[in-house]
Amino acid sequence: MTLEQILDAYRTRPRFARQFTAWRTFPAKPAQVAEFPEAMDARLRHALARCGIAQLYTHQARAFAEVQAGRDIVVVTPTASGKTLCYNLPVLDAILRGGGPRALYLFPTKALGADQVDELQQLIRSLEVEIGAYTYDGDTPGDARRTIRAAGHIVVTNPDMLHTAILPHHTKWLRLFENLRYVVLDELHHYRGVFGSHLANVLRRLERICRFYGSAPQFICCSATIGNTGEHAARLLERPVAVLDESGAPSGERTVAVYNPPVVNPALGIRRDAVRESVAVAEELLKGRVQTIFFARTRLRAELLTTYLREAARRQHLDPEAVCGYRAGYLPSERRTIEAGLRRGTVRAVAATNALELGIDIGHLSAAVLVGYPGTIASTWQQMGRAGRRADRSFAVLVATSGALDQFIATHPEYLFEQPVEQARINPDNLLVLASHVKCAAFELPLRDGETFGPNTLPEILAYLEEEGVLHHEDNAWHYVAEAYPAEGVSLRSASPENVVIIDTTDPRPRVIGEIDLPSAPAFVHEDAIYIHLGRQYHVDRLDWDERKAYVRQVDVDYYTDAQIAVGVRVLEEFARERDAAHGEAAVTFRPTIFKKLRLATHENVGFGTIHLPETTLHTTAAWWIFPRARVPEMDTDALEGALLGVAHALHNIAPLYLMTDPRDVGSTVEIRSPHTGEPTVTLFEEIPGGVGLAERLFALRGELLDRAAALVEGCGCEHGCPSCVGPVLELGPEAKRRTLRLLRDVCVPA
Amino acid sequence: MISPGAAITPAAAGDGVEILRAGFGPGHRHGRCAVGDALRAIDDGGDLGRTVWLDTETTGLAGGTGTYAFLIGLAYWDGGQLVVEQLLLRRLSGERRLLTVLAERLAGARHLVTFNGQRFDWPIIEARFVLARQRPASFDAHTDLIYPARRLWHRVLGTHRLSTLEAEVLGAPRSRDVPGWEIPGIYVRYLRDTDRAALDPILVHNRADLLALVLLHGEVSRILRAPLDAGVALDWEGTGVLVGRRGAHAVAIECFERAMLGACEPGDRWRVLQKLTRAHRAAGDPDGARRRWEAEAGTWTRPDRFRAHVLEEVAKARARQHEIRGARAAVTEALSIVDGLLEESGSLRAARAAGMARLADRLRARLARLIERDREPSPGRETAGQHARRGA
Ligand SMILES: [Zn+2]
C-alpha cells in the first residue's frame, strides 16, 4: 500500500474518517535557488561543489548578504531547510579571508552542539584549509581545552558553559575575545522564560567582555516560527535584528492532520487513550512499510508506545526490532545506531521524546505521529517537519489527548495553521535574575560607576550587593570581593536556586534519586506523601525543611496522595488596569493544609492527614480578572465559587497556547471577594519568582483569553463539564459548565 | 615562627601599594634547616640569582577573573642574604601599580618556584596582568614543589599540605598561624574598615610560607640528589619514580626495593614491582627484570591470584629471552593455580571469577603459543636467541 492509498483509507473508512478534525494538504514547493554570491571566497564555492551543492537556497544567499552588510540577523526556517549554511558560510568565508576572526556558536544542548561540529568539520575537510572547530563543554579534557583556547577559530558550546567556564575566565580566552567577529545562536525560540531571561544577561556579560578586548561581534541567529521572532530576538540581544523568514528550501506534497480519539464516556467527556489510538492509526502505516516517527511528551509514554508498536509490527509481519525507542537517557552509541538505522531504512518506526526535536540528523521520514500536543506550536511544526521528503508525499498527524489544551487544539485546529499566536517571553530585568548576573559581571570586570547593565535599577542592586558583602566600591568602580565563584550558584535553567534533595533510604546505603524545587516541595514531598519517581512509588518518611532533604522509602500501595495548598494573593502594586482586568506585582502565599489519600483506580477518598509545614511566599507578577458580584445575582456563593474555579481552570489551560510555557509555570487562584478588587476575582500568577513577563502578556490578551476559554468550554464534548474544560465536575457541581460559560461570556468586561 | 634575625622594613608606600622587605642571612634557621644549606642544595645550575620563589594571598580560592591577589610574596637571593619582599595591595585601585612593581621584580628572573602555583597562584597573576592590560612576565621554567612533595611524602604523612611538610619535614611546626581559609575574609573586612593592623597576621603567615617554600625546595633538591641517605621518612615508591625520571635508574631500583620491604599487600607489591622491573629495563638490564620476577615467585609462595600473575610475568620475561621451557613451566604452574582457584569459585564474587576465567584463558593461549614455539623452533629465531643470551 502506498502512502497515497493509506491516506485515502483514513479519509474513507468510518473507523478513522470521523475523528479527523483537520486535514490540510500543502502542495509541493519547488526550490528557490540563487547563485553563489559574488563576494564568496572561491575555495568555499569549490568545497560546496565537492559536497554536491551547486547553488544556494534563496534564504541562505540572503543570510550571507545580510551578514556581509554587517547586520545582525535571525533566520526563521522550517526543519531541515539547510539552516546551518546560513551561519557556516559567512563565518567560514570570513575566516578564509584572513585576519584571524573567530566565532562562538551557542546551542541550547550539548548533544546538539556536538552534532553541529561533526557537520561543520565535514565542510571544513572539503575546504582543505586548516580551520579549528571544536566543541567546548563539560566533557572536554584539560589539554584539549588549552588547544581550543589558543587555536579554535570556531568554538561550539552552550550558554551554561559560556556562563560558568568561559566568561569568568575570560583572560584565558583572550584570543577568542580579541578576535570575536560572530556569535551564532541557534534554536533561538528555545531561549524563553527563565532560560531566555538568563541568556539575555549572559549576552550582556559577553558584550561587556568583548568591549574590554575591543571586539563587537555580529549575531547570526536561527529560530523556529513563533509569533514574535523579531521582537524576541531584539529583546535577547537588546538591539534591532533583521528577520529573514522566507525559506527557499523545497518540499514535497504534505498532508497535515489533527485527530481526536473517539469519545467513550460522553457524560464525563472521556476519550480513548491517545497512545492506543496512535498505534491504531499507525498500524496502517506499518502495514504499508511507511517509515514513521512518533513523538510522545513523556518518557513513560514513549516506552508504552514502543511496546504497543512492536506488538503491531508482529501483527503486520514486520521484525519488531525495526521499531525503536529514542529518548534522553539512551547512551550516545545507542542513539547513533538508531540514527544510522533510520537513515539506512532498517528502522521503520521510532518512538521518541522531544530529544530528536532539536535537529539531530536522521534524514527525512515519510510520516510523523505526534501523540499529544507537544506544548507549543513551534514544537508541533518542528516535530511534524521530521516527515517531509524533498520530492515524495509525506504525512503528519497530531493525535490529541484528553488534556484541556489538546482538546482545544483538536476542536480549533485553525490555531495550528494560521499565523502563530504564541510568543516567546523573557524578562531580562527580573530582579533576581538580573542581580545574579550583576554579581557575575562584577566578578568578570569591576563595574564602573555610570556603566549600564540592563535597566536603570542597577545602582540599587549594586548598593544591595555591597551591603551583602559581595561588592566593594572604590575609586568609581564596584569590585567583586566575595569568596564564592558566583557563576556556580546561578543555574541558567531555573529561577529558584534552592531545591529539596530526595533521598531513597530503601537500601542500607541511601542514595539521592532526585530533586524538587523548593516551592513545589510542600505539595509533593510532605511527610506521608506518596512520591512518584520513574513510575515507582515512594513514601515520604521525613521532610527536613531546614536541611532541604526529603527521606523516602520504596513502597507498593494502592493509593496516591493529593495535597491541599491554600493559595492567597496579596496585590502589592497594580501596574495597569482596563475595566475588569489588571496586572501587577503580587505576593502569593502557599499554606499547606491537609492531604487526601485517593484510591488509584477509583479516586475514592480513603483517608487524609495534616501537613505540618510553614507557609511560603512567592513574590511575583500576576494578572487578574474581575467578575462583579452585582452582575450575577442568580448565583449563590457556592455556585459562584464553582464557576470561578471553572473559569480559572479554563484560563489556566488556554494560557500556554499564547505563552510557550509549561502549564506549571503559571498558577491560578480564585477569591469570592478579593481584598484588592473587592469583587469575585480570578488570578493567574507566574510561578517564577519575579516573573518573566508572562503576566504582562496575559493582561495584554485579557479579552482574547476569555473568548478562547469560552470556546474551549463550549466546544468540549461533555455535558456538564469535565477535566478537559472546567475541571473535575464532582467538585464543582453539575451546573458548573453552564455557569462558567456565563461568567466568561457576560460578566467580565476586560476592555 | 620566623622573625628573629629578620628586620622588616617598609620599603615603600602610597598609591595603594605597600612594600615590605625582610632579609635572612645564610645562618638563619627554620626548624632543622638553615637558609644557606638550602640554597647550596638548590643551586645546581649556578642560576640562583635568577630564581624567584613566589606565594600569594588571594580574595578567593576558586580562581577566575574576580579573584584578587592582594598580597604577593617574593623571595630571592641577593648574594648576601635571602630577601623576602611582600607587595601588599592597600586599595584595590592600586593594582596596576602593584603589577608594575611585580613586573620589575620579575624582569630578570628566569626560574619561578612555587607550591601549587601552576594551578593556582600563577594563573591568577597572569589574569591580573591581562586585566590591567599589561604583559605577564615569562619564565624559562616553573618548578611547582607540590608535585615532588606529593610523591615524596603523601603516602607517609597522609597529606602533602605545606604546613604539614613544614612541621614534619623541616621540623618547624607553626604556632598561632592564621588559618588559610580565614584570610580572604580578613582582607575584605580590612577593605571596609582600613584597619591595617588586622593584616599583620597575614603578612607573617605569607613570610612563613615563603621561607618554608625555600627550605622545602632545598630539602627536595638534597633528597633527590641522594635519596638513600636522606635521613627523613620518605615514600620510597614515589621517590623512586622521581629519581628514575632524572635518569638515576640504579638509585631508583634501590628506592623501589626499599618500597618492597614495606609493601605487604599483593596490590601494593604488584604496583611497585611493575615500576621496579620497568626501572631495570630502563637501565638496560632486562635480565635484572626477569630475575626480579623470579625472586618474587620465590618469595611469594602462596598459590593465589597474585602468584599466578607473577608467574605470568616470569614466563613473559623468559619467553622474551627465548627460554621456552622455563616459560612453559611458569605458565603451567600459573594455570594450575588459576584452575584451582576457579574450582573453588563458589566463594568468589562473580566479577572476580570472571576476571580469573579471563586470566585462565590468557594463560592457556600463552601456553599454546609457547608449545608451538617449543615444538617447531624456527632455526633463525633460535640462533638469534642464543646470540642474545650470549650477548647478555
Ligand atoms: Zn468538558
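I began with chain B and its contacts (heavy atoms within 4.5 Å). Among contacts in chain B with a separation of 6 or more, 63% join residues 24 or more positions apart.

Before going on, I noted the ground rules. This is a predicted model, where local features need pLDDT of at least 70, side-chain atom pairs count only at pLDDT 80 or more, and totals for chains, interfaces and linings use all residues. Residues are numbered from 1 along each chain as its sequence is written, chains are lettered from A and ligands numbered from 1 in the order in which they are written, and side-chain values use heavy atoms, with hydrogens and water left out.

**Entry: chain B overall.** I looked up the secondary structure, taken as DSSP runs numbered from the N terminus (helices are H or I, at least four residues; strands are E, at least two). Chain B has 15 helices and 9 strands. I then checked burial (buried is under 20% relative accessible area, exposed over 50%, partly exposed in between, with a 1.4 Å probe and protein chains only). Of the 392 residues of chain B, 50% count as buried. Domain bounds come from an automatic or database domain assignment. For chain B this gives domain 1 (8-229) and domain 2 (285-375). Their C-alpha centres lie 52 Å apart.

**Entry: a buried asparagine.** I picked B:Asn206, in helix α7 (residues 200-225) of chain B. B:Asn206 counts as buried because its relative accessible area is 0%. What does B:Asn206 touch, not counting residues up to four places away in sequence? I found B:Asp55, B:Thr56, B:Glu57, B:Leu71, B:Gly73 and B:Gln86.

**Entry: aromatic pairs.** Rings of Phe, Tyr and Trp (its six-membered ring) pair if their centres lie within 6.5 Å; planes under 30 degrees apart count as stacked, over 60 as edge-to-face and the rest as tilted. By this rule I get 25 aromatic pairs over all chains. One of them is B:Phe70 with B:Tyr187, stacked at 3.8 Å centre to centre and 10° between the planes. This pair links distant parts of the chain, 117 residues apart. B:Phe70 sits in strand β6 (residues 69-77) and B:Tyr187 in helix α6 (residues 183-193), both of chain B. B:Phe70 is buried, at 0% relative accessibility. B:Tyr187 is buried too, at 0%.

**Entry: domains of chain A.** The assignment divides chain A into domain 1 (3-27 + 251-418), domain 2 (33-244), domain 3 (431-478), domain 4 (494-557) and domain 5 (562-747). The C-alpha centres of domain 1 and domain 3 of chain A lie 50 Å apart.

**Entry: nonpolar cores.** A nonpolar core is a set of buried Ala, Val, Leu, Ile, Met, Phe, Trp, Tyr and Cys residues joined through side-chain atoms within 4.5 Å. The largest has 78 residues. Those with the most contacts inside it are A:Trp625, A:Phe627, A:Leu651, A:Leu657 and A:Leu743. Helix α21 (residues 637-654) of chain A gives the largest share of this core, 9 residues. Domain 1 and domain 5 of chain A both contribute, so the core lies between them. I followed A:Leu651 further. Leaving aside neighbours within four places in sequence, its contacts are A:Trp625, A:Val682, A:Leu684, A:Leu705, A:Leu706 and A:Ala709. A second, separate core of 75 residues includes B:Ile42, B:Leu211, B:Ile253 and B:Trp293.

**Entry: the zinc ion.** Donors are N, O and S atoms within 2.8 Å of the metal (3.2 Å for Na, K and Ca); water is not among the atoms, so sites may look incomplete. Which residues coordinate the zinc ion? They are A:Cys716, A:Cys718, A:Cys722 and A:Cys725, each through SG, at 2.2 to 2.3 Å. Their spacing in sequence is C-x1-C-x3-C-x2-C. The 4 donor atoms subtend angles of 97 to 118°, so the arrangement is tetrahedral (four donors with all angles between 85 and 135 degrees). A:Cys716 is buried at 14% relative accessible area, and A:Cys725 is buried at 0%.

**Entry: positive phi.** Most residues other than glycine have a negative phi. A:Met660 is not a glycine, yet has a positive phi of about 55°. A:Met660 lies in the loop between α22 (656-659) and β31 (666-671) of chain A. Is A:Met660 buried or exposed? At 2% relative accessibility, A:Met660 is buried. B:Arg176 also has a positive phi, near 50°. B:Arg176 is exposed, with a relative accessible area of 79%.

Technical notes:
Four donors count as tetrahedral if all angles lie between 85 and 135 degrees; four count as square planar and six as octahedral if opposite donors are over 155 degrees apart and all others between 65 and 115; anything else is irregular.
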